[in-house]
Every structure is written in C-alpha cells, then in structure tokens.
Amino acid sequence: MFIPILLEIPRVKQPIPLFIEKLTGISDQMVKDAPMFGQIAREVFELLQHKTFVAHNVNFDFSFIAHQLSQHGLTLQSRKLCTVRLSRKIFQHLPSYSLG
C-alpha cells in the first residue's frame, strides 16, 4: 500500500512559541524558507480528503487543519481515528495516555 507523505512544514506568519518548539521540535529556523500554508493547501487537501485522519487527540489536529483549509476554500471530509481513545480501549489501566 502506498501512503503519500507531505514533506514540507509550512511557514507561519508569527514566531513559533517556545513551548510549541519544545513539543514538536519545529523551530523558526526550520521553516524560514518553507512555503506559506496557502501555497501547499491544495496538496494537503488532496492528501487528506476522503482518507482516515489519524492523530493523538484527533479532534484538535483535525479541526486545526480543516480550519486552515477552509480559509482557502477547501472543505475537508475525512474519517477520524483518535489514538487516545484507541489506547484507552486497548490499555485500560494506564495512569496516562499522553504522548509526553
């Protein structure tokens, strides 16, 4: 099965907060020459549309991406799979389900 991967992290209009840099490992330096989201919005949309969107706490990530796409006239429709909910079902007695 072929799974396409988006290899670019878009540049943002404001500095990346330190706590986001520590959480993700993404710094302002890493994205200084990257395209703005609008330049790759269509590619992101085509990658995700009618696919299963998988994330830890999926509603947060999905709503963020869907909102950004909507700013460029694109309505994302994807199934969602939340790895937090999945891990709670599989590993019912863990004290935490966070990534950190």
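How many helices and how many strands are there in the protein chain?

1. Five helices and two strands, going by this predicted model. Reading from the N terminus, the elements come in the order α-α-α-β-α-β-α. As for overall dimensions, the C-alpha atoms fill a box of roughly 45 × 35 × 25 Å along the principal axes.

2. On to the strands. Strand 1 covers residues 52-55 and strand 2 covers residues 79-82; the two pair in the parallel sense, with four bridges between them. If you want a place to start looking, take Thr52, whose bridge partner in strand 2 is Arg79.

3. Strand 1, helix 4 and strand 2 together form a β-α-β unit, and its hand is right-handed.

4. Helix 4 (residues 58-70) also packs with helix 3 (residues 37-48): the angle is about 120° and the axes lie 10 Å apart. Since angles of 65 to 115 degrees count as roughly perpendicular and those over 145 as roughly antiparallel, helix 3 is therefore oblique to helix 4. The crossing of helix 3 with helix 4 is left-handed.

5. Which residues make that contact? Helix 3 brings Phe37, Ala41, Val44, Phe45 and Leu48, while helix 4 supplies Ile65, Gln68 and Leu69.

Terms used. Residues numbered from 1 in each chain as written. Predicted model: local features only at pLDDT ≥ 70, side-chain atom pairs only at ≥ 80, totals over all residues. Heavy atoms only, no water. Axes fitted to C-alpha atoms, helices over the stretch in contact; angles between N-to-C directions. Parallel < 35°, antiparallel > 145°, perpendicular 65-115°, else oblique. Left-handed = near helix turned anticlockwise from the far one by under 90°. Contact = heavy atoms within 4.5 Å. Pairing = 2+ DSSP bridges. Right-handed = clockwise from strand over helix to strand, strands pointing away.
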